[in-house]
Amino acid sequence: MADLTLLTIFGTSFLVGLSGATTPGPLLAYSIRETVRRGFVAGPTIALGHSVLELATVILLAVGLKRISESDPIIAFIGISGGTFLLWMGWGILRNPSLGAPATNGQIQPPCRGNLAIPFWGGIVISLSNPFWTIWWMTIGVTFMTESLQSGIPGIAAFYLGHTLSDFGWYSLVSAGVASGRRFIKERLYTGIMQACGFFIVVLGLFFIATGMTTLG
């Protein structure tokens, strides 16, 4: 049963993380630009910097949330606010699932790998400067962390690994497509992926809201 719970945490975290990674934003634009300059390796390197920042965030949240995990009103508030943000995010994706499908024009210059510390730190700085990243962790991230803490350290580890692998998978795919100079994913497939993610996020948001309200009751 414990293994099934951890697998559920991992899978859920991966899908929600994937929906966030595929949403167009500054990190995606930066990944495409750096891939043009440095080749395929840029995407995974940017994802590595992003994941290091999120590891620090997870550790800080785990320490802080551990102290309030026995407060039902706080847990209820976290669940309802996080679920509401998930509903907003999921509905936004469902309204326009084809938004942000990345493509290239085939004009790829020979890559200059250079210093990979630049895209690594860029992954950190770009993430920190994006208000959506902060809002995500203050709402959805905190909600997931609260649920994962019920399974202790293994639950937190499953959450972090699922979330991180979604970032590595997506940005590696982006870099592979951009480095090849071809549109790396058809718009129809991208739209289908986003529709599935949007629907999943809406259902998950409803679940978190219902859980929060049950805690209050």
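Visitor: Which helix is T12 found in?

Guide: T12 sits in helix 1, residues 2-22. Keep in mind that this is a predicted model.

Visitor: Why is T12 called buried?

Guide: The cut-off for buried is under 20% relative accessible area. T12 has 15%, so T12 counts as buried.

Visitor: Which residues does T12 touch, leaving out those up to four places away in sequence?

Guide: F144, F200 and L204.

Visitor: How many of the chain's residues, in percent, count as buried?

Guide: Of 217 residues, 46% do.

Visitor: What secondary structure does the chain have?

Guide: Eight helices and zero strands. Along the sequence the pattern reads α-α-α-α-α-α-α-α.

Visitor: What makes helix 2 roughly antiparallel to helix 5?

Guide: Their packing angle. Helix 2 (residues 26-38) and helix 5 (residues 117-128) pack at about 165°, with axes 10 Å apart. Angles over 145 degrees count as roughly antiparallel. Therefore helix 2 is roughly antiparallel to helix 5.

Visitor: Which residues make that contact?

Guide: Helix 2 supplies P26, L27, Y30, E34 and R38. Helix 5 supplies I118, P119, G122, G123, I126 and S127.

Visitor: How do the residues of the contact of helix 2 with helix 5 divide?

Guide: Six are nonpolar, three polar and two charged. Gly counts as polar here.

Visitor: In which kind of crossing does helix 2 pass helix 5?

Guide: A right-handed one.

Visitor: What share of the chain's contacts between residues at least 6 apart in sequence joins residues at least 24 apart?

Guide: The share is 89%.

Technical notes
Residues numbered from 1 in each chain as written. Predicted model: local features only at pLDDT ≥ 70, side-chain atom pairs only at ≥ 80, totals over all residues. Heavy atoms only, no water. Helix = DSSP H or I, 4+ residues; strand = E, 2+ residues; numbered from the N terminus. Buried < 20%, exposed > 50% of the residue type's maximum accessible area, 1.4 Å probe, protein only. Contact = heavy atoms within 4.5 Å. Axes fitted to C-alpha atoms, helices over the stretch in contact; angles between N-to-C directions. Parallel < 35°, antiparallel > 145°, perpendicular 65-115°, else oblique. Left-handed = near helix turned anticlockwise from the far one by under 90°.
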